[in-house]
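Let us take a walk through a protein model together. Have the sequence and the 3D view ready, and follow along as we stop at a few places.

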Amino acid sequence: MKIPRRIAQTLMNSLKGGVVPRVGLPYVTVGRKAEIDALLHDVDIIAGGGASFRFIVGRYGSGKSFLLQTIRNYVMAKNFVVVDADLSPERRLQGTRGQGLATYKELVRNMSTKTKPEGGALSLILDRWISSVQQEAAASAELDVTDPRLTALTERRISAVIGSLNEMVHGFDFARLLTLYYRAYVSGSDETKARVLKWFRGEYVTKTEARQELGVNIIVTDDDWYEYLKLFACFLQQAGYAGMLILIDELVNIYKIPNAVTRQYNYEKILTMYNDTMQGKAQHLGIILCGTPQCMEDPRRGVYSYEALRSRLAEGRFAGQHKDLLSPVIRLQPLTPEEMLILVEKLADIHAELYGYPRIVAGQDMADFIEIEFGRIGADEHITPREVIRDFIEVLDIVYQNPEIKVRELLGSENFAYAQNAVQEAGADGQFAEFEL
C-alpha cells in the first residue's frame, strides 16, 4: 500500500489515540456502505436545492465520528462547504449564557472547503466570490479588470446575487454586510473587511458596537444564530458552491444538562431545525447530529423526552430487525468480524509502509487476533471498532520494536488477556473514552 508518510503517521497516531483522523480516511474505510449511500443520497438532494436532517446514533466508539469525517471529506470534494462542531457544556444549541452563540462561532470558525479543509475558509469564500463576479462582469462587458467602469457593473451583479436573501429572516442586513465587504475589497480597506468578518463570526457583543463600526442594527445572538446559517447556505449556493453541510457531534452533552427546562429549550431548537429542513423552509442545507442511543431514547432526559421529537423520530411498528436508512435516524450496527479483519489488514500494511519493514504479521495472526477480540464474553454487545483498532496497533508497535516476540505468543499471553478483560469491564459500564471513532 503506497501512502504518503505524513498521512500514514497521522492515521497511526490518531487511531491509537482513539480519535478520528481528518486525513487519510479512504485508506482505512471498511463497511458502512449502506449508511454512506444513504447520506450521499441526501447530498444529492441538497445540491438540487433541497434540505436534509439526520441523526446518527451509536454507542461510544461505534464509528459515528468516523462516518461524519468520511462524509465531510466526500462532500468537500463535491464543492460543498462544511461547518462542524462538537457540543460541550460551553457549546449548546440554546443557552442563557451564550452557549448557542458559542456553537455558532465554532461552526463558522471551522468552515471548510476543498481548498481549505482545515477550517477558517470564510474570508477565502468571500474573496473568491467577489473575484469570480468581477471576472464574469468583465467578460460580459468586454472590459479589462482594471477598467473603472467595471466597479459599477460588478456591484449590480452582486446586488442581483444577494437580492434573493432580502426575503429571508435578517436577510436585508446580511446582504448589506456582503455589500460592505465588496466595497472594502475594492477599496483595499482591510479594516472594514475585518469588521465584516468579525460580524459574520458572531463576535460583536452589543448592537451599539456593530452600529458604530458597520452601521447595522443587528448582531448574531443565542436566539437567532440558526437563521444566519440558513442565510449562509443560500448565499453559498449563489456564490457557486453546491450547498452547506452542518455536522454537530456529541449530542450527549444536551442529555447531560441537569436543568430540565434548559434541556427542553435545546430540544425545541432541534425541532425547529428538523421542521425547517423537512418542510422545505431551508434550501441547500444539510444537518447531521450524532449521539448515543441513551441520549436519544431516554424517556426522561433524552431527545425522546420531548414529545414533538419522539413522535417524529421513533421507529414504527415494522422496523424491528430491519434497517430503514430512509428514516431520519440512522442506527449504526456493529462491524462484523469479517469487516474488522479487512480493517486490521489495512492497518498492518500502513504500519509496515510507515516504518519501512516487510509486513511481519501473517494473515493467520490477524485472524487469530480478531477471533480473540470477538471471542470475549459480551463482545457481541460491548466491543467497538475503537477498542479493536487500538489493541491491534499496540500489537503492531510491540512486535515491530521487539522482533523476537512472535504475534501468536503475544496474543496468547496473560498480559494480553488481562488487557482485554479490563476493556470489557469498562465497556460493560458504558464508560468509554470521550472521543469517538
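How far is the sulfur of Cys290 from the closest cysteine sulfur? The closest one sits in Cys295, 9.6 Å away, which is too far for a bond. A disulfide is a pair of cysteine sulfur atoms within 2.5 Å, and by this rule the count comes to 0 disulfides. Cys295 is likewise in no disulfide. Cys290 is buried, with a relative accessible area of 0%, and Cys295 counts as buried at 1%. Here "buried" means under 20% relative accessible area, "exposed" means over 50%, and "partly exposed" is in between, using a 1.4 Å probe and protein chains only.

Before going on, a word about where these values come from. This is a predicted model, in which local features need pLDDT of at least 70 and side-chain atom pairs count only at pLDDT 80 or more, while totals for chains, interfaces and linings use all residues. Residues are numbered from 1 along each chain as its sequence is written, and side-chain values use heavy atoms, with hydrogens and water left out.

Next, look at the backbone. Asn79 is not a glycine, yet it has a positive phi of about 70°. You can find Asn79 in the loop between helix 3 (64-77) and strand 2 (80-86). Helices (H or I, at least four residues) and strands (E, at least two) are DSSP runs, numbered from the N terminus. With 28% relative accessibility, Asn79 counts as partly exposed. Glu250, also a residue other than glycine, has a positive phi near 65°. Glu250 lies in the loop between strand 3 (243-249) and helix 11 (252-255), and it is buried, with a relative accessible area of 10%.

Finally, turn to a pair of helices. Helix 7 (residues 171-187) and helix 8 (residues 190-200) pack at an angle of about 155°, with their axes 8 Å apart. The axes are lines fitted to C-alpha atoms, for helices over the stretch in contact, and angles run from 0 to 180 degrees between N-to-C directions. Helix 7 and helix 8 are therefore roughly antiparallel to each other, a label for angles over 145 degrees.

Which residues meet here? Among them are Phe174, Leu177 and Tyr181 in helix 7, and Val196, Leu197 and Trp199 in helix 8; contact means heavy atoms within 4.5 Å.

Methods
Angles under 35 degrees count as roughly parallel, over 145 as roughly antiparallel, 65 to 115 as roughly perpendicular and the rest as oblique.
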